[in-house]
Amino acid sequence: MPRFSIIVPCFKVQGFLRECLDSLLGQSYRDFEVIAVDDRSPDGCGAILDEFAARDERVRVLHLPENVGLGRARNAGMPLATGDYLFFLDSDDTLTPGALRAIADRLAEADGPDVLVFDYARTYWWGGTRRNALAHLLTDVGADPFTAAEHPEILDLLMVVWNKVYRRDFVEENGFAFPPGYYEDTPWTFPVMLSARRIATLDRICLNYRQRRQGNILSTTSRKHFDIHDQYARVFAFVDDRPELAGWRPYLHRKMGEHCLDILAKPDRLPPSDKGEFFRRTVEMFRAHRPAGEPVPAELRALTGGWAAYRVRRQAGRAGRELARRGALLRGAAGGRARRAADAVHARRPLDPRLVVYSAFSHRGVLGDPGAVYRAAREIAPELRGVWVVRDEETAALLPDGVEHVLLDSPAYRRITARAGFFVNNVNWPGSLAKRPGSVHIHTHQGTPLKYMAADLLQRPGGRFGVDVPQMLRRADRWDHSLVANPHSELVWERAYPCHFASARTGSPRNDVLVRADAAATAAARARLGVPEGHTVVLYAPTRREYVRGGHVDRIDLARLAADLGEGHTLVVRLHPSLAAGPARGAGLSELHRRGVLIDATDVPHVEEVMLASDVLVTDYSALMFDYANLDRPIVVHADDWAAYRASRGTYFDITAEPPGHVSRSSRELAWLLASGSWRDEDSARLRAAFRERFCAYDDGRAAERVVRRLLLGEGSGDLGEGIAAAVPGPATARDLLAST
């Protein structure tokens, strides 16, 4: 008996069907059967299904004699199911790699729940991807199975059939089935979720929910949307037959009203001539099923009146929103005039040579190079006043005690920035910040560049997607000093930013802790991450890709990599910051972290802590490798898509020809390097030594001190004199693309 019976109804989806079935049959987990139901599709779906069934014995095809609709097509497939769990997959959607393995593992961990709810991502026809906005509910409810009564918020998730798997015995015992008509998921999901004695969740994107430009049934203008009333009538009938569920009537009554008003408000659902009738039938249902004494929420009060009153309210709402929009524009214009007047007053006040304004990573806190300079200034030059710019109150609440700050674009921000003598940042300041004569801007950058940056992106249209290079250069015109850690960076920044600044050969301040690292610092970092004592720590830090929308590509099966490492090893994963809030976390990383398979260190504020805790770095093309080299610990470059990456983004040299350690070209080769111990052999040490000599030239553990003394305090050279120099081109290797400049 297979673990899963996957029922796939098909009707007029021949353009998407192969992709759907390939995503299913290509799963690493193979204990399942596919019951494909050809709902008398007039296109080539039936032939495609027969083709797949001929080459894979797990696929069974049921050809229906007539078209019965999505719900009853699913019903037709259920009697053929023999698996422990039912999974209803729509034939234009796809499973993500590793989805069935993750679902099976979670079912085992939860000891066979009645229902398992998992996450999904919307994939748009134009190429965009957006994760479910309520994904946090999957973790908020905890790891143990529960009932809907214990966690009613679970019902706030999209009430569809395909983001869950169902224990087949539970479905058969309760006689659950799909009704005919549109919105057939409604009278399935509510009864199922309210009846389930054990519900579990999986915080992993297991399914890509395709958003089609056209052809979506629910986006078709038709009177069939009136079916929603019959579907909710079935839900209420189910509850009426079960007195123990009576307490859910107020909730379902509200949901019904919200759902119907949502359909009515959408311009593409109902024919205009039928909207009045739809409203009246909704009102009848709303009154008939309203629980006695239950107040009507403000957003549903339209259903206590007539169609004419509803239309007047809608028109008034639109007019009110337009008035609010115009009012906001007027207030904004007036506020802008007031701000400009206040800024003019501030600009007439003298600069404060002891005031230093800091920001890092788009105002995210005391981080990176600016953070290291700030800490050094507090120790070396307490007479300097350091003020941080942060993006919002939430970020401000996370600042260390005693850190003075202002909120971006607040009156305090404008007062401070108008008078500051120094500005330190690793990201360009907003364009609204005017550089006053005499103020000094120090730009720290975010590491040594491998990929093309700024003006060099002009020859890479794909790499500069969404980047306004001329604006970037206008903002960089404010720089006075550009910090560099090596001759390569000096050449890059002068070529990529043809602006008016001097290169400061200070080293990277944030790397001081890496240069000075000792056993105690490593042990402390491991303890903070929760690494078991004595474990070998493998840090995997992938970067983003410009050749795919969203930047995320699954290059490595993290669960398999962690398993291949074996006992005595801990896998730590650090995503690129631009991927931290997107689907990359939901593609399995969060769930693997919860289960203890690996450690997700993406949200650890200081990346230096993560590097200190590790024994070896595995990366693709992340600039992290240049910083990590200061630790003199092994590095493995995983370059399985190097050609595509280099062609799309452009790189200053070939990292596979001049690597900091061994290079793997496939997941199998990477696993062998790690398992065999080759990652730390003599060849690895030789390559790393050459890499460190080239790219860690100015990192000596005193970079932050050097910046404070020479650039902020203006002290004489002393023993730090060699650290600061005017912009003078340095030597380049024969392979370096900068040699031509």
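Select Arg-242 and Phe-238. Arg-242 lies over the face of the Phe-238 ring, 3.7 Å from the ring centre. The model is a predicted one, and side-chain atom pairs count only at pLDDT 80 or more.

Ring pairs link Phe-238 into a cluster with Phe-88, Tyr-166, Phe-170, Phe-176, Phe-178 and Trp-188. How many aromatic pairs are there by this count? The total comes to 36. A pair of aromatic rings is described by the distance of the centres and the angle of the planes.

Zoom in on one of these pairs, Phe-88 with Tyr-166. The two rings are tilted, with 6.0 Å centre to centre and 55° between the planes. Phe-88 belongs to strand β4 and Tyr-166 to strand β8, so this pair ties together parts that are 78 residues apart in sequence.

Next, select strand β4, residues 85–88. In a regular strand the side chains alternate between the two faces of the sheet.

Now bring in the neighbours of β4. Strand β1, residues 4–10, runs parallel to β4 and is joined to β4 by 4 bridges. Ser-5 stands opposite Leu-86 there. Strand β8, residues 164–167, runs antiparallel to β4, with 2 bridges between them. Here Leu-86 stands opposite Tyr-166.

The charged end of Arg-694 sits over the Phe-653 ring, 4.7 Å from its centre. Phe-653 and Phe-695 form a stacked pair, with 5.3 Å centre to centre and 20° between the planes. Phe-653 is in the loop between α23 (642–649) and β22 (663–664), and Phe-695 is in helix α25 (residues 682–695), so the pair ties together parts that are 42 residues apart in sequence. Both Phe-653 and Phe-695 are buried.

Rolling a probe the size of a water molecule over the atoms shows where empty space is left. The count comes to 2 cavities of 30 Å³ or more.

Start with the largest cavity, with a volume of about 80 Å³.

Finish at the second largest cavity, with a volume of about 50 Å³. Select Phe-423, Asn-425, Asn-428, Trp-429, His-441, Ile-442, His-443, Arg-475, Arg-478 and Trp-479 to show the lining of this second cavity. Colour β13 (420–425) and β14 (440–443), as each supplies at least two of the lining residues. Which element gives the most? β14 does, with 3 residues. By class, the lining of this second largest cavity has 4 nonpolar, 4 polar and 2 charged residues.

Notes: Residues are numbered from 1 along each chain as its sequence is written. This is a predicted model: local features need pLDDT of at least 70, side-chain atom pairs count only at pLDDT 80 or more; totals for chains, interfaces and linings use all residues. Side-chain values use heavy atoms; hydrogens and water are left out. On a 1 Å grid over the protein atoms alone, a cavity is a set of points where a 1.4 Å probe fits but cannot get out, and a pocket is an open set with protein on both sides within 12 Å along at least five of seven lines; lining residues have an atom within 4 Å of a point. Grid points are joined across faces, edges and corners, and a volume is the space filled by probe spheres set on the points. Ala, Val, Leu, Ile, Met, Phe, Trp, Tyr, Cys and Pro count as nonpolar, Asp, Glu, Lys and Arg as charged, and the others, Gly among them, as polar. Buried means under 20% relative accessible area, exposed over 50%, partly exposed in between (1.4 Å probe, protein chains only). Two strands pair if DSSP finds at least two bridges between them. Rings of Phe, Tyr and Trp (its six-membered ring) pair if their centres lie within 6.5 Å; planes under 30 degrees apart count as stacked, over 60 as edge-to-face and the rest as tilted. A charge sits over a ring if NZ of Lys or CZ of Arg is within 6 Å of the ring centre and within 35 degrees of the ring normal.
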